[in-house]
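Here is a brief report on a protein chain and its ligand. It covers domain layout, overall dimensions and the ligand shell.

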Amino acid sequence: TAAHRINYRAELNDQQFAAVTSPPGQALVIAGAGSGKTRTLTYRVAYLLDNGIPPENILLLTFTNKAAREMLERVQGLVPVETNRLWGGTFHSIGNRLLRKHADRLGLKQGFSIMDREDQKDLMDTVVSNGNIDTTTYRFPKPEVLGEIFSLADNTGKSVREILSTRYPYFEPVVDGILKVRELYTEKKLETNNVDFDDLLTMAVRLMKENPDLLERYRRTFQFILVDEYQDTNLLQCELIDLLSGEQGNLMVVGDDAQSIYSWRGANVKNILEFPKRYPKARVHKIEVNYRSVPEVLTLANRTIEGNKDQFRKALQPSREGKGTLPALVPLDNGSAQAAFVAQRILELRDEGIELDEIAIIYRAHFHSLEIQMELTNRGIPFQITSGLRFFEQAHVKDVAAFMKFAANRLDEVSFMRMVRLVPGIGSSSAGKMWEHWVKNGSALGTLTHEEFSKALLGIKVPKKATKTWEQTAYTLSELVDAEGKLVPPPAMIRSIMEGVYEDYMRAKFKNSDQRKQDLEQLSNYSVRFTDVQEFLSQLALVSGVDTDERPAASPDTEAVTLTTAHQAKGLEWHTVFAVWLAEGMFPNNRVIEEGGEEGLEEERRLFYVTVTRAKDELYLTYPVINYQARDGEVLQRPSRFLQELPQNLMEKWNVRSMFA
Ligand code: ATP
Ligand code: MG
């Protein structure tokens, strides 16, 4: 209807318009930062809906789930169509949806659990210690390193041997042991009805490869596939898209090779560079205007990336006019002076009318944020953080989730162990025996009513001193299932667990149990929107995985400064950006300087490019001249080579008198 007519011509430039309205087939939009790639995809979705494509026939793949949600909200504002019927989210979340629907075809059972990195480490530990693996004669990788090796193998399609020889040569002598662990680990996952993060992708690909009928069906379902941040897809993701789309599919991918920053996790920039080769009929769209940043910031950004030899040349012109301010180069005495400067400047900006939401502090590594977190806290400046230990990865949240996961998946050894080890008087060895008992008595399968579940759990033998608390725990667990054997809704589950036993455990286990209780209340509020436990648990797992981007906001409208790593900042934008710890060894990172070679350095430079291109109006480049290190005492630091490479006239040097001088 005319009521919602979108004026595509007015809201897009010619290149964007051509991409948005391009006829069916394949299209690649390759363009620099802030040129409107994400906007183009958003309007493309609106355009498809406008032209009568049913939402359930559109698949939108984004870097974070939050990005998908935001794009769809925007679309909802443009077209009166229920956008939640669309398939939108990360590769992992779409993989999860496919696996849930077709678990049986993969040898999985309904209600399988998703392990996060910590669960994975626990299971790997079990496998290594039960598997008769020789870990002492030669150096053997730790469980988390094993996880990394397997993950790289999965995501790059290479063999474990290849991964070892290119990245971990010192573990080559124990390759047989590592392969054995991989085999046992895979078996154990199936046995406990668990999948890890990479399985969400590998199994989705396998599902499509091994089941032509499903492939056929999903090709019909996903009539239009759209992918943002395509430069950071890995082999598996690329393969999944290619499979689902097929040679004839309607596939639009957008990205920027200069922002490819995940090769360390298996991403391959060739996917985007060779797209036209793989799809010879693809239309290629380039956008050469930047809408995000003032010319001063853009000039600096363009200059930054010129340092890289290996790139597609793109000339980005500013669309914004007027005189912005030069990016500020701010050397500070030390880390605390840097934190004080950032906090002080934020308060001034707030007085100037800049909202805290419009300010970000970006750093290379999570620990760079610690001093700043303290300073902001001391000055009462609210902030939200997208790195480090995340809300859903905290011990108490995971404890409560373990009860829920076990109630939903009675084969889940990992969650069972975590749960029973909370019971006072039960240690690792009795926990192991309890698991054996549980498995042997066949109670592990089928639907059990509240009564049956309770009886089966109480039947497990426990050490005498734990009898009473185990009874309470068993009863609490059985309350998660109703009289017919159905799982009760998530908020009711969380209430039962907390009131039944967990509040007591928490008081004994943690010092700050009040804070944690509040967290769990927040979790409970968050869970209200889910009626299905499975969906809730998947969501928990997906947001605590590699692509995390949210926590359940206490009140979503509290204004807060964003603290983020450069990796997590991609795709986002703020009025003001503080890029901190820009010292040699910090950014670029020491390890990369020592062993990354030219390629590693180019990736660091791209990461720096991503960092500076987040700023719309103001950019502060700061570094501490002196760094206190536990081992070496005071160390003098040089500014990052990325700063030294820039002509001085692109920045204004600020002399901030240190408060500690
Ligand atoms: P990145 O590479 O960082 O992901 P991007 O290419 O996806 O950036 P967008 O985030 O889509 O860029 O756009 C950057 C900013 O420019 C946004 O605020 C967007 O709304 C604005 N913008 C993009 N195109 C236009 C346009 N044609 N008219 C007005 N504003 C635009
Ligand atoms: Mg984008």
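## Domain layout

The C-alpha centres of domain 2 and domain 4 lie 28 Å apart. This is a predicted model, in which local features need pLDDT of at least 70, side-chain atom pairs count only at pLDDT 80 or more, and totals for chains, interfaces and linings use all residues. Residues are numbered from 1 along each chain as its sequence is written, while chains are lettered from A and ligands numbered from 1 in the order in which they are written.

The protein chain is divided as follows; the bounds come from an automatic or database domain assignment.

| Domain | Residues |
|---|---|
| domain 1 | 2–97 + 201–287 |
| domain 2 | 113–192 |
| domain 3 | 295–388 + 556–653 |
| domain 4 | 392–543 |

Nine residues of domain 2 are in contact with ten residues of domain 4. Contact means that the C-beta atoms, placed from the backbone, lie within 7 Å. On the domain 2 side, strand S4 (113–114) and helix H6 (117–130) each supply at least two residues. H6 gives the most, with four residues. By class, this side of domain 2 has three nonpolar, two polar and four charged residues. Here Ala, Val, Leu, Ile, Met, Phe, Trp, Tyr, Cys and Pro count as nonpolar, Asp, Glu, Lys and Arg as charged, and the others, Gly among them, as polar.

## Whole chain

The secondary structure comes to 27 helices and 19 strands. These are DSSP runs, numbered from the N terminus: helices are H or I with at least four residues, strands are E with at least two. The C-alpha atoms fill a box of roughly 75 × 65 × 55 Å along the principal axes. Buried residues make up 47% of the 661 residues; buried means that 20 or more other C-beta atoms, placed from the backbone, lie within 10 Å of the residue's own. Among contacts between residues at least 6 apart in sequence, 78% join residues at least 24 apart.

## Around ligand 1

Of the 18 residues around ligand 1, Gly36, Lys37, Thr38, Arg39 and Tyr291 come nearest. A residue belongs to this shell if its C-beta atom, placed from the backbone, lies within 6 Å of the ligand. Helix H3 (residues 37–50) provides the largest share, three residues. The shell has four nonpolar, nine polar and five charged residues. Domain 1 and domain 3 each contribute at least three residues to the shell.

Conventions:
Contact = placed C-beta atoms within 7 Å. Buried ≥ 20, exposed ≤ 12 C-beta atoms within 10 Å, placed from the backbone.
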